[in-house]
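Please open the structure in your viewer and keep the selection tool ready. The tour below goes from one selection to the next and says what is found at each stop.

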Amino acid sequence: MLSGSSRMSHHLQHHYNHSVFGLGFGFIYSKTHLLPFKLPFSAVSDKKKKKSNDFSSSNLDFRRPLVADCIQPNSPFNHTPILSHSLSEQEDDSEPPSERLSAVAGGIVALGKFEALHIGHRELAIQAARVGVPFLLSFVGMAEVLGWEPRAPIVAKCDRKRILSSWAPYCGHVTPTEFEIEFSKVRSLTPRQFVEKLSKELGVCGVVAGKNYRFGYRASGDASDLVKLCEEYGMEAYIINSVMDKKQDSRAIGLDNPKEQGQVSSTRVRHALDRGDMKYVSELLGRQHRLMLMCNAEERFSSENNRISASKSCLLNLPPKEGLYENCSVVISDENSAPCRVTIDTTHIHLQLDDIETCIHIVSQDFLFLGIDFVG
């Protein structure tokens, strides 16, 4: 971790070696330096990528419901997450804030909306890992507070740990940890109050953000404000350029949001899923999109010959558009998957397996979870 008496934004002197996929270059910004670095899209070998796409037994048991990490499929995308590292759980009115130690104390937090966990988010985590213990600081409950319509998450709640674990090779073999804050508790904070909370209440040593990051009430603070305020409160601030999407610009994919300036974003991932362009989705995510399904007492996985079917009410995250998808894989247990073809219609997800015995095994074992990887 960097230290020094100036408490200003430092440039990074040491870099990991990454290969480039052609999605652009980023720069580390400080008050006085811009240092180029390459985006690490293909730094993991094919063998490691395959392994990272498998569930770790420490993260998910396919035969046991994860109350804290998975939503119940009765209403597929309406849920209240139970947080393991939320600010609300850290609060205790009987103890002054200065005497409490938060889960992120001493760490470097990446700031953003980490919905899709795409390659731009991964780059923030990489920068955080270069200078300290990496955390992803995000907000929960924004839709409820702001009155947004409920929508399916891009990543299932129970699958996020697996994805973050797959980032470890990029982050000095350290897995970034998510830390969630209830949006209602910070919505009205000014930029200064927000940075003060990070410093005095959470005890973080530094922050990493994209150059387009905005924060504070009504997004009144920008990246330059973040640098200045962090300096005042004795924290380091690292601002990096956005990871750009070189494949298509906003006009080509029908995005007219002024915030969409060609950078990789969760909005672009949603749009690509809506088009069923799984190759493009994989490029944006830096991995295959995994669709998670969970059965319950009302909806079970059914089979006929070598086909498994599940109601869309079992979905835990956003599927691609209706249609046929070849060369997919169904994940049925820890490091155990089988090739399949997937058909999505208006009401169901159908998996066509080559091996009827595997199909029988999945249904007979009464698995609660199934994962489907879509090959780009």
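In what follows, a residue is called buried when its relative accessible area is under 20%, exposed when that value is over 50%, and partly exposed in between. Keep in mind throughout that this is a predicted model.

Begin by selecting helix H4, which covers residues 142–146 and includes Leu146. Because its relative accessibility is 32%, Leu146 counts as partly exposed.

Next, move to helix H10, residues 356–364, and colour Thr358, Cys359 and Ile362, which are buried. These residues sit on the same side of H10, because they cover an arc of only 105 degrees around the axis. An α-helix has 3.6 residues a turn, so residues three or four places apart point the same way. If you turn to the face of H10 that looks away from the buried side, you will find the exposed residues Glu357 and Ser364.

At the start of H10, select Asp355, where a side-chain oxygen reaches to within 3.0 Å of the backbone nitrogen of Glu357. Beyond the helix, look for Asp366, which follows H10 and has a positive phi, near 55 degrees.

Finally, return to Ile362 in H10, which counts as buried because its relative accessible area is 1%. Leaving aside residues up to four places away in sequence, Ile362 touches Ile308, Ile332, Leu353, Phe367 and Leu370. Ser303 is 59 residues from Ile362 in sequence, yet their C-alpha atoms are 9.1 Å apart in space.

Note on methods:
Residues numbered from 1 in each chain as written. Predicted model: local features only at pLDDT ≥ 70, side-chain atom pairs only at ≥ 80, totals over all residues. Heavy atoms only, no water. Helix = DSSP H or I, 4+ residues; strand = E, 2+ residues; numbered from the N terminus. Buried < 20%, exposed > 50% of the residue type's maximum accessible area, 1.4 Å probe, protein only. Arc of directions from axis to C-beta. Polar contact = N/O pair within 3.5 Å; in protein donor to acceptor, adjacent residues only side chain to side chain. Contact = heavy atoms within 4.5 Å.
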